[in-house]
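Subject: Structure handover

Hello,

Here is the structure, ready for you to open. My notes follow below it.

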Amino acid sequence: MKRELTTYGQAVLRRRMKEVVLPDEALGDLIDKMLDIMYREKGIGLAAPQIGLDMRLAVIDLGRRDVERLVLINPMIISRQGECVAEEGCLSIPGVSGNVMRSREVVVETWDTAGNRRTVKCVGLLARVVEHELDHLDGLLIIDKISTVERSLMSSKLKKLKKEASRKS
Ligand SMILES: [Zn+2]
C-alpha cells in the first residue's frame, strides 16, 4: 500500500487524535506499514495523522544501533528534565525547519498491541523526536514552537504549502 503523506494545511494535522482501543493485535500490520513509509521518506519518526489516520499512534527509529526502535501507542510523557534547543524539520512541512526547544530527557508511558503498559526513558535526540511525534497526536507542529521571527521568514513557503493542500482535500 502506498499512502501519501499529509502536508501542512490539511485538517487532520491540526486535530487531537483518538485513543487506540487495546488490545488490537491487527495493529501490527499498520505499524509495519508506518515503518515502511517512514524509511521510504527517510524520516526518523512518523505519527498516524501524517498518513491521515485519526489514532494516537507513532513510530520512531533513529537508525542507530544503540537506540531502540519505538512504537508509541496512546503515549503520554510522565516526566521531563532539562531543556535543549536544536533545529528540527518535519515530513509534513517539506522544506521548512526551525529551532525548537525540547526536553533533554523524557520518560514516556506507552502500550503494546496486547495492551501491556511500559515506560521508556528517552535522552537527547530520542527525547526530542518523542516530543515531536506526541505533538502531532495533539495537532501541534514545529511552526507552533519556533520564534515569530523564524516563522515570518518561512511564511511564503507555508502559504504555498497551504495552497497545495487545499487542492488535495
Ligand atoms: Zn513531524
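How many cavities of 30 Å³ or more does the structure hold? The structure holds one.

First, the ground rules. This is a predicted model, where local features need pLDDT of at least 70 and side-chain atom pairs count only at pLDDT 80 or more, while totals for chains, interfaces and linings use all residues. Residues are numbered from 1 along each chain as its sequence is written, and side-chain values use heavy atoms, with hydrogens and water left out.

**Cavity**

A cavity here is a set of points, on a 1 Å grid over the protein atoms alone, where a 1.4 Å probe fits but cannot get out. Points are joined across faces, edges and corners, and volume is the space filled by probe spheres set on them. The largest cavity has about 30 Å³ of space. Its lining (residues with an atom within 4 Å of a point) is made of R102, H132, D135, H136, L140, L141 and I142. By class, that is three nonpolar, two polar and two charged residues. Nonpolar covers Ala, Val, Leu, Ile, Met, Phe, Trp, Tyr, Cys and Pro; charged covers Asp, Glu, Lys and Arg; the others, Gly among them, are polar. Helix 2 (residues 125-137) gives the most to the lining, with three residues. Helices (H or I, at least four residues) and strands (E, at least two) are DSSP runs, numbered from the N terminus.

C90 and H136 link distant parts of the chain, 46 residues apart. C90 sits in the loop between strand 5 (84-89) and strand 6 (97-102), and H136 in helix 2. Both C90 and H136 are buried, meaning under 20% relative accessible area; exposed is over 50%, and partly exposed lies in between (1.4 Å probe, protein chains only).

**Nonpolar cores**

A core is a set of buried Ala, Val, Leu, Ile, Met, Phe, Trp, Tyr and Cys residues joined through side-chain atoms within 4.5 Å. The largest has 21 residues. I60, L70, L72, V108, C122, L126 and V130 touch the most other members. Two or more residues come from each of strand 2 (57-60), strand 3 (70-73), strand 7 (105-111), strand 8 (117-123) and helix 2. Helix 2 gives the most, with six. Apart from this core lies another, of 17 residues, among them V20, L35, I37 and L46.

**Backbone**

Most residues other than glycine have a negative phi, and most peptide bonds are trans. The exceptions worth a look are these.

- The L22 to P23 peptide bond is cis, with omega near 0 degrees. P23 is in the segment before helix 1 (27-40).
- K42 has a positive phi of about 60 degrees and is not a glycine. K42 lies in the loop between helix 1 and strand 1 (45-47), and is exposed at 74% relative accessible area.
- N74 has a positive phi of about 45 degrees, also without being a glycine. N74 lies in the loop between strand 3 and strand 4 (76-81), and counts as buried at 9%.

Best wishes

Conventions: 1 Å grid on protein atoms, 1.4 Å probe; cavity = no way out; pocket = protein on both sides within 12 Å on 5 of 7 lines; lining within 4 Å.
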